[in-house]
Amino acid sequence: MQALLDKILRRVVTQGRLKVRFPDGTRAAYGSLPGPDAELELRDPKAARRIALNPNLAFGEAYMDGAIVPVGCDIYDVLDVLVSNLAAGRTHPVLGLHARLGTALRRWAQFNPASRARRNAAHHYDLGDQLYRLLLDPDMQYSCAYFPRGDETLGEAQLAKKRHIAAKLLLRPGLRVLEIGCGWGGLALTLAREHGVRVTGITLSTEQLATARARAAAEGLADQVRFELQDYRTVEGPFDRVVSVAMFEAVGVNHYREFFRTVRRCLTPDGVALVHSIGRSHGPEATNPWLAKYIFPGGYSPALSEVLPAVERSGLIATDIEILRLHYAETLRLWRRNFAANREAIAAMYDERFCLMFEFYLAGCELAFRREGHMVWHMQLAREQAHVPLARDYIADAERQIASLIHAS
């Protein structure tokens, strides 16, 4: 199987340079064109066999198990060589077979009834608040930040993201807001504090729920912001606004119509909604099998071509769509930096294998946004098109206004 792996690498890696030390002591180098450079040691012949037969799953598992060790670099550098070549269209029949199989089975993989959705959420979000406090900004925003200048700190960029979303929601004091997928409560509390709205936030994570409720009580906002452990399909309106940030990736392609019909049902006739989600620029594919197994079971980042038909059939109108391209790559870079700075503490909380898994996750995801056309889309929705301004100037105006008011206070 080492011979098959060698053939795969020779066919895939042409840009940059990847040096490999194989378990039998032989060495090989792949690639000659300009590009990133990395070296790895493959220590286990069984791992070499698994990688040759199922590269997309087994490569990450081999890294987690210590069978792949970067040499003179880190896993980001190794993945950069591989991802850059795959993004340039380099492939092999083994990779093509797994890609077709994943696409064929993705509707089954993303079948997400309420019971399965709860288990999927617990898998990742109930790992313990302390991990996320070490990884994220102080407000614990676990989604793409917004870098309008490009040099913002993580905290500044996450605040900019929240205010960018708030501007698109056209908020005013007293409005009722539903947040589908409230995380640890940061967005809901910001909207209540800065705009005087009343927010109901729902989550499927018991740990997120406890933290969000504690934060609301600590800030004296428990009467204005309510958090519930609830599936979006069971929510009853009406709400003046609906917002969902980084939850749509867990909905599943089978349930898009149900999601948008729920949003429409919950909205008042003059209501406005904003959905923030990871997407892909190059059309429908399947979730990477390693990511689906170890990080986000049931997760999928859709192409807009998969989303818009469900919006059209829901009775909602897409009133604004914005694409954020490299913002998530920068967010993940800063998360990787935080993880590295706190690695010793995280290893003490979990173990070395967990740290290797999380490093692989953060590096791979950052490269998906830098090299493979992943992006974030914002879709503003309304039941009636006249309830959103005709031009987009109001978004920047609202952001400037809230920033000046907060600064003055």
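Two strands are taken to pair if DSSP finds at least two bridges between them, and helices (H or I, at least four residues) and strands (E, at least two) are DSSP runs numbered from the N terminus. This is a predicted model, in which local features need pLDDT of at least 70, side-chain atom pairs count only at pLDDT 80 or more, and totals for chains, interfaces and linings use all residues. Residues are numbered from 1 along each chain as its sequence is written, and side-chain values use heavy atoms, with hydrogens and water left out.

Select strand S1 (residues 15-21) together with S2: the two pair in the antiparallel sense over 4 bridges, and leucine 18 stands opposite tyrosine 30 in S2. Widening the selection shows an open sheet of 4 strands in the order S2-S1-S3-S4, with mixed pairing; its edge strands, S2 (27-30) and S4 (68-70), each pair on one side only.

Then move to helix H14 (residues 327-341) and helix H16 (residues 352-371), which pack at an angle of about 160° with their axes 8 Å apart; axes are lines fitted to C-alpha atoms, for helices over the stretch in contact, and angles run from 0 to 180 degrees between N-to-C directions. H14 is therefore roughly antiparallel to H16, a term for angles over 145 degrees. To view the contact, select residues including Trp335 and Phe339 of H14 and Phe358 and Leu362 of H16.

Note on methods:
Angles under 35 degrees count as roughly parallel, over 145 as roughly antiparallel, 65 to 115 as roughly perpendicular and the rest as oblique. Contact means heavy atoms within 4.5 Å.
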